Each structure stands twice: as structure tokens, then as C-alpha cells.
Amino acid sequence: MNDEHVQEQEVVDILFFDIGHSLYGTDASQVLRIDRSLPEDITLPGLGLPLRGHRAIVFDTPEGEGHLKVDAVHAVRSIPLNSLRRMPPTAGAAPYAVGVYLEEARAVLLIDLVETARTQGTQGRH
Amino acid sequence: MAPDRAVAAQARPEQEFFCFRVGDLRLGVPSENVLEVLRAGLLTPLPRTPSFIMGVTGHRGEVLPVVDLLRFLSKGEARIGPRTRLFVGITGSYVAGVVADTVLGLRRIPVSEILPPPLGGDAAAEHLLGVVHGSGNQDAINLLNFSKLLQTARQRAVAR
Amino acid sequence: MSLDTPNDKSTSKARSARKAPASKASAGSKASANPATTQAQYKAFTDTLLTVLSGNLQARVPKELVGESASEMAHLLNQVLDNLAASEHRKQVSAQEIDQALDSLIGLVREGDLSRWNTTTEDPQLGPLLEGFGKVIETLRTFVREINEAALRLSSSANQVLAASTQHETSSTEQAAAIHETTATMEELKHASAQIAENAGSVARVAEETLGAARAGRGAIGEFIQAMQQIRSDGVAVADSIAKLSKRVERIGTVVEVIDEIADRSDLLALNAALEGSRAGEAGKGFSIVAAEMRRLAENVLDSTKEIKNLITEIREATAAAAGAAEASKAATESGEKLGAVAAQAVEGILAGVQETSDAARVINLATQQQRTATEQVVASMAEIEDVTRQTTQASKQATGAAAELTQLAGRLAELIKRFKAD
């Protein structure tokens with residue numbers, strides 16, 4: 001039973017971080033490093049505005065490095081795949097809001113970093 | 001199916017509605033569209049969703065979008081308090097949580113008592129099956145076409 | 001004597017003159033040869049001698065009348081006459097000098113004038129006599145001078161004595177007046193201290209009464225403080241009770257919350273049961289009725305708990321108010337106690353002050369009594385001093401009289417001495 005369970009338990013590393021008072025998660029494998037933020041780093045109104053935004057999550061995109069401005073970066077945790085859910089189509093959320101990590105009734109929004117860069121690009125830079 | 005059963009069981013055809021109050025609205029939803037009633041718990045807001053989507057919540061291992069009917073029907077804005085209820089509505093494969101201030105209960109309403117929605121009513125009228133009057137005008141309940149409502153909601157969300 | 005001296009002189013002159021007549025006599029013997037002329041020659045001699053005898057010692061034998069023979073004779077006679085005249089003149093001078101000396105002596109005796117003595121003589125017989133007189137007079141002069149000086153000093157001393165004596169008399173009189181005044185002042189002081197003693201006695205009595213009143217006040221304040229403490233401890237007990245009640249009410253509140261929660265869950269369960277029942281169709285109908293009943297019960301419970309919650313809120317407010325009142329009462333009693341303590345302290349201060357006043361008044365009373373005794377002694381002493389002073393004044397008056405007399409005497413002495421002129 002236990003062995004079966006372990007076999008079934010596929011996990012993914014999720015990096016948890018705060019923007020404003022909201023908790024978000026992202027696929028840790030997408031993250032290159034955590035850096036100090038710069039003024040031109042990505043902020044998305046949909047995710048809420050950072051309070052101080054001292055940190056930036058740095059990730060790779062086809063166009064180069066992307067920097068998402070965040071307030072605090074928490075630990076990377078291994079999360080069982082079966083506790084991750086796709087965003088329900090009914091919600092019609094932003095493309096970077098790819099899914100939800102469920103912890104009982106609490107739902108933590110999972111962010112696709114590359115999509116944030118793309119969204120920022122369509123919103124501001126071009 | 002249920003109305004058929006109801007018709008078979010009783011001489012007078014009846015339809016069962018899940019009745020509730022949200023804001024100033026007294027609404028009814030066909031009971032077959034309601035899976036469950038729960039407390040409105042933790043709500044995670046979503047980015048760039050339509051305003052009537054209040055967010056998502058976890059329910060029985062699934063992600064449940066939460067709908068504010070007041071916003072959807074342009075009748076105000078729902079508030080979530082300690083006694084606020086959430087009923088799980090379903091139509092086809094679409095499932096959503098709907099905010100209700102108070103659950104009035106299940107009511108079996110004779111089909112003959114269901115009056116058509118008033119002509120020339122507002123935009124909300126298109127999602128009404130009809131209106132049933134109680135003892136007074138204040139007790140009137142608007143019966144919702146929940147399947148249509150949920151589909152419209154989905155279309156509006158995806159259209160963006 | 002004075003008659004002898006010119007005689008002596010004349011004889012000494014006559015000796016020198018005697019040789020001349022000898023040569024003249026030889027010449028005269030030649031003239032005697034003519035008797036006619038001899039007669040006239042005699043007459044010239046006679047006339048001259050007669051004139052001399054009549055007192056004119058200036059008369060001389062004229063030589064032309066006597067001729068050759070008698071000229072020798074005339075010349076000798078004239079020489080005799082010259083000597084006689086010189087002797088006579090000397091006699092007269094001596095007599096004058098003697099007269100002068102006598103005059104001086106008479107003046108000295110009559111006027112006391114010693115200054116005029118400067119008589120001199122060339123008379124060797126008279127010289128030592130006058131010299132002796134001069135020495136005596138010089139001694140007298142010295143005496144007079146010394147006496148005069150002494151008299152002057154005596155007068156001045158007597159004046160000083162008089163002045164001192166007068167001054168002494170004056171100051172003695174003044175002293176007497178001062179002593180009299182002092183005595184009067186002491187009398188007044190005696191009266192004043194008697195008054196003070198009386199007043200101090202009154203103060204002591206009043207202080208005694210105040211002491212009694214303050215002691216009573218102290219007792220009353222003590223009781224007040226005790227009462228305040230009682231009230232405060234009662235208040236503390238009330239506050240404790242309120243706190244306990246408050247805790248119980250809170251506990252009831254949590255229980256009610258639990259009941260509420262259960263009722264809420266029941267409501268949900270019943271609702272969901274009803275939904276299940278409705279899906280079960282006819283089979284679930286009874287189930288639905290039970291579920292509806294359950295919901296009703298749950299709602300009843302919720303209504304009741306709502307009421308209880310309202311009651312709890314009211315109780316909370318009431319206990320908060322009571323706690324506030326208890327706190328206020330505590331503060332009031334505390335401030336009451338503090339005031340009481342302050343009052344007690346004040347009364348203690350009053351007691352101490354009054355005690356001191358009483359003691360001081362007693363001390364003043366005692367001191368004034370002693371002072372009165374001392375004053376009486378001083379008055380007695382002053383009377384004695386006054387007596388002595390009176391005697392002193394009397395004595396100084398007598399001394400002044402004596403000094404005045406002495407001054408007068410000294411003046412008279414000086415006056416007397418002034419009659420002797422030494423210079």
C-alpha cells in the first residue's frame with residue numbers, strides 16, 4: 001500500500017512568493033534565481049501591486065530573462081501533482097493564472113512566469 | 001426527469017426549487033441544479049476575471065469558481081460574512097459556487113403558480129423562468145433558469 | 001663821707017697845684033716891691049675869695065689885676081679854686097646817684113617795680129653798696145618771676161579744676177536724670193512683662209483647648225480612613241465578583257458560539273440532506289420532511305442563541321459599567337484615603353504646632369516672671385544708684401564751689417603778683 005502510494009506520488013517543486021498580501025506559487029524549475037528588483041521589472045495589476053517589491057524572480061523566456069517584481073519569496077516545497085488543479089474554464093482567468101494548488105479549501109494561484117512576461121509585453125512594452 | 005417524476009407522483013405537477021436570498025433578491029434555482037450547500041469559506045481572487053467571478057475556492061478536491069449573482073444581474077454586490085452560504089450549482093459539465101446570504105429552503109411549487117417573467121423587465125429577466133408570489137409582494141421569488149445563466153456566465157468569461 | 005671825697009680830690013689836685021704856686025710865689029715876691037700896686041692886688045684876692053665864699057665857685061682871680069708879682073699867687077689860688085669846684089661837682093654827682101638809688105628803692109617798695117633798678121655809680125665807696133642792692137633786687141626779681149609763673153599756672157589749673165568739676169557736676173546731673181528715666185522705663189517694663197505673662201497664660205489656655213479639639217479631629221479622621229479602607233476592600237470584593245461574573249459570561253459566550261456552530265452545521269446538514277432526499281424522489285420524501293424539521297430546529301436554536309448573545313452583550317455592558325463604577329469607587333476611596341491621610345498629617349502638624357505653642361507660652365510665662373523679678377531687682381538697684389548719684393551730685397557741687405573759690409584765690413594771687421614788675 002505504502003509502496004504503491006510512493007509510486008503514485010509524483011511531485012513538483014513549487015516556489016511560493018508574495019505580491020502585496022496575496023500568496024502565489026510557480027514552477028520552481030522555471031526560476032533561474034532570485035535577485036534584487038529593478039524599477040522596470042514586471043508588475044501585473046491582476047496580481048496586485050507589490051508593497052515594496054525589493055525582490056525579483058528571474059526566469060528564462062524565449063526573448064531572454066524576465067524579472068517579476070515580488071515582495072517576499074518563501075520556501076520551495078515539493079507538492080504532490082495530485083493536489084494541483086487546472087484553472088476552471090468558467091472562471092476565464094488571465095492566461096498566466098494556469099492553475100491552483102489546493103490545500104483543503106484554500107486555493108493558491110499558480111503562475112506561469114513566461115506568460116507574465118508575455119502579458120507584460122502585450123500590456124506595456126509594445 | 002424530476003418534473004416527470006413529480007407529475008407521475010402527484011396529480012398536480014410541481015417543480016422543486018432551491019430558494020435563497022442574496023442582497024434584496026429572493027431567488028429560486030431548480031433543485032436538480034443544486035448539488036450541495038456549504039459555508040462560504042476561503043476565497044482566492046483571480047486575476048482579470050469578470051467581476052461576477054469572486055474567485056475560486058477548493059471544494060472536495062476540486063477548484064470551484066464562485067459567482068456573485070448580484071453582480072451578474074447588475075443588482076449590487078454580494079458580501080461574504082460568517083453566515084454566508086455557498087451552494088454548488090451544476091449544469092452539464094459546468095460547476096460553480098453561488099453566494100447566498102440566507103437559504104430559504106427547498107420548495108415544491110405547483111407549475112401553475114409560476115407566472116411568466118414581467119415583459120419589458122430588465123436584463124435580468126432573460127435568465128428567469130418565471131415568478132412565484134407568496135402571501136405578499138415581498139415574498140415573491142424569481143425563479144432562475146440556472147443552466148442558461150451558467151452558460152451565459154461561461155461565455156462572458158471566455159469571450160474576454 | 002660825701003663831703004670827704006671831694007676834699008680828697010681837691011687835696012690830690014692841690015698837691016699838683018702846690019708846685020705851681022711855688023714858682024708863682026717867686027714871681028709874686030718880685031711884685032711886692034711896689035707897695036701901691038700891692039694894695040690893689042690884695043683887693044683882687046679878697047674879692048675873689050669873698051665871691052667864692054658867697055657860693056660862686058666859678059669866681060677866679062683876674063691875673064691882669066694882680067700884676068707880675070702876685071700872678072704866681074693868683075694862679076695857684078685859681079688852681080685851688082678849680083679843684084674846689086671839681087670836688088664840689090663830684091660831691092653833687094654822688095649825691096644825685098644816691099638820690100637816684102634811694103628813689104629806685106622807694107619805687108620798689110611803694111610800687112613793687114623791680115625793673116627800674118639799673119642804678120650805677122663811679123663812686124668807689126658807693127659801688128659795693130649799690131652792687132649789693134642790685135644783687136638783692138635781682139634775687140627778688142627771680143622770685144617775683146617764679147611766683148608770677150606759679151600763680152598763672154595755679155590760676156589755669158584752678159580753672160581746669162573748675163571746668164572739670166563743673167562738667168562732672170553737669171554729667172552727674174545728667175546721669176541722675178538718665179537713672180531716673182531708666183527707673184521709670186524699668187517700671188514700665190515691669191508692667192509690660194506682667195501683661196505679657198498674662199497674655200502667654202491666655203495663649204497656653206487656648207492652645208490647651210485647641211489641643212483637645214485637634215485630638216478629637218485626629219480620632220474622627222482615623223475613623224474616616226478606616227471607613228474608606230472598608231469601602232475600598234468592599235469595592236475590591238465587588239470588582240472581583242464582577243470579574244468572575246464577566247469570565248462566566250465569556251464562558252457562556254464561548255458555549256453559545258459552540259451551540260451556534262453546531263446549529264449552523266445542523267442547518268447545513270439538514271439542507272444537504274433535503275437535497276439528497278429530493279434527488280431520491282419519493283423514497284427520499286420522508287427524509288426531506290425530517291430534514292426540514294431539523295432545519296427548523298436548528299433555526300430555533302440559532303434564534304435562541306442570538307437572544308442569548310444579545311443578553312450576553314447586555315451583561316457585558318452592565319458588568320463593564322459596574323467594573324467602571326467599582327474602579328471609580330476604588331479611585332474615589334483611594335483619594336478619600338489620601339485626603340484622610342493628608343488631613344491626619346495636617347492635624348498631626350496642628351497638634352505639634354499647638355503643643356509647641358503651649359510649651360512656648362508656658363516658657364514665656366515663666367521667663368516673664370523671672371524677668372519681673374529681675375526688673376524689680378534692677379529697679380531697686382537703680383534706686384540705690386540714684387541715691388549715690390544724688391550724693392555724687394551734691395559732692396560735685398561742693399567741689400565746684402571749692403574750685404570756684406580756688407580759682408578766685410588764684411586770680412587774686414596773680415593780681416597781687418602782677419604788682420611786682422620784674423621786667
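Predicted model: local features only at pLDDT ≥ 70, side-chain atom pairs only at ≥ 80, totals over all residues.
I began with Arg86(A), which counts as exposed because it has 10 C-beta neighbours inside 10 Å. I used the rule that a residue is buried if 20 or more other C-beta atoms lie within 10 Å of its own, exposed if 12 or fewer, and partly exposed in between, with C-beta atoms placed from the backbone.

Residues are numbered from 1 along each chain as its sequence is written, and chains are lettered from A and ligands numbered from 1 in the order in which they are written.

I then turned to Ile42(A), in the loop between strand E3 (31-36) and strand E4 (55-61) of chain A. Ile42(A) counts as buried, because 23 C-beta neighbours fall inside 10 Å. Leaving aside residues up to four places away in sequence, I listed what Ile42(A) touches: Gly66(A), His67(A), Leu68(A), Lys69(A), Thr116(A), Ala117(A) and Gln120(A). For contacts I required that the C-beta atoms of two residues, placed from the backbone, lie within 7 Å. Ala117(A) is 75 residues from Ile42(A) along the chain, and their C-alpha atoms are separated by 7.0 Å.

I counted three helices and ten strands in chain B, and in sequence order they read α-β-β-β-β-β-α-β-β-β-β-β-α. Of its 160 residues, 39% count as buried. When I took the contacts in chain B between residues at least 6 apart in sequence, 53% of them joined residues at least 24 apart.

I looked next at helix H3 of chain B, residues 146-159, whose 14 residues should span 20 Å at 1.5 Å a residue, and since its end C-alpha atoms are 20 Å apart, the two values agree. The expected span is 1.5 Å times one less than the number of residues. Buried in H3(B) are Phe146(B), Leu149(B), Leu150(B), Ala153(B), Arg154(B) and Ala157(B). These residues cover an arc of only 135 degrees around the axis, so they lie on the same side of H3(B); the arc is that of the directions from the helix axis to the C-beta atoms. On the other side of H3(B), I found Gln155(B), Val158(B) and Ala159(B) exposed.

For the interface, I found 24 residues of chain B in contact with 20 residues of chain A. On the chain B side, strand E4 (53-59), strand E5 (62-67), strand E7 (94-100) and H3 give two or more residues, and the largest share, five residues, comes from E4(B). That side divides into 13 nonpolar, seven polar and four charged residues, where Ala, Val, Leu, Ile, Met, Phe, Trp, Tyr, Cys and Pro count as nonpolar, Asp, Glu, Lys and Arg as charged, and the others, Gly among them, as polar.

**Chain C**

Chain C has five helices and zero strands, and 17% of its 423 residues count as buried. Among its contacts with a separation of 6 or more, I noted that 83% come from residues 24 or more positions apart.

I checked helix H3 of chain C, residues 63-111, because a straight helix of 49 residues would span 72 Å at 1.5 Å a residue, whereas its end C-alpha atoms span only 56 Å. H3(C) has a kink of about 120 degrees centred on Ser69(C), the bend at a residue being the angle between axes fitted to the seven residues ending there and the seven starting there. Just after H3(C), Gly112(C) takes a positive phi of about 70 degrees.

The contact between chain C and chain B takes eleven residues from each. On the chain C side, helix H4 (127-279) and helix H5 (285-418) give two or more residues, with the largest share, six residues, from H4(C). I sorted that side into five nonpolar, four polar and two charged residues.

**Confidence**

I recorded an average pLDDT of 81 for chain C, with 91% of the residues scoring at least 70; pLDDT is the predictor's confidence in each residue, from 0 to 100. Over residues 1-32 of chain C, pLDDT stays under 50, and the model has 63 contacts beyond four places in sequence for that stretch. The model scores ipTM 0.79 and pTM 0.54.

Note on methods:
Helix = DSSP H or I, 4+ residues; strand = E, 2+ residues; numbered from the N terminus.
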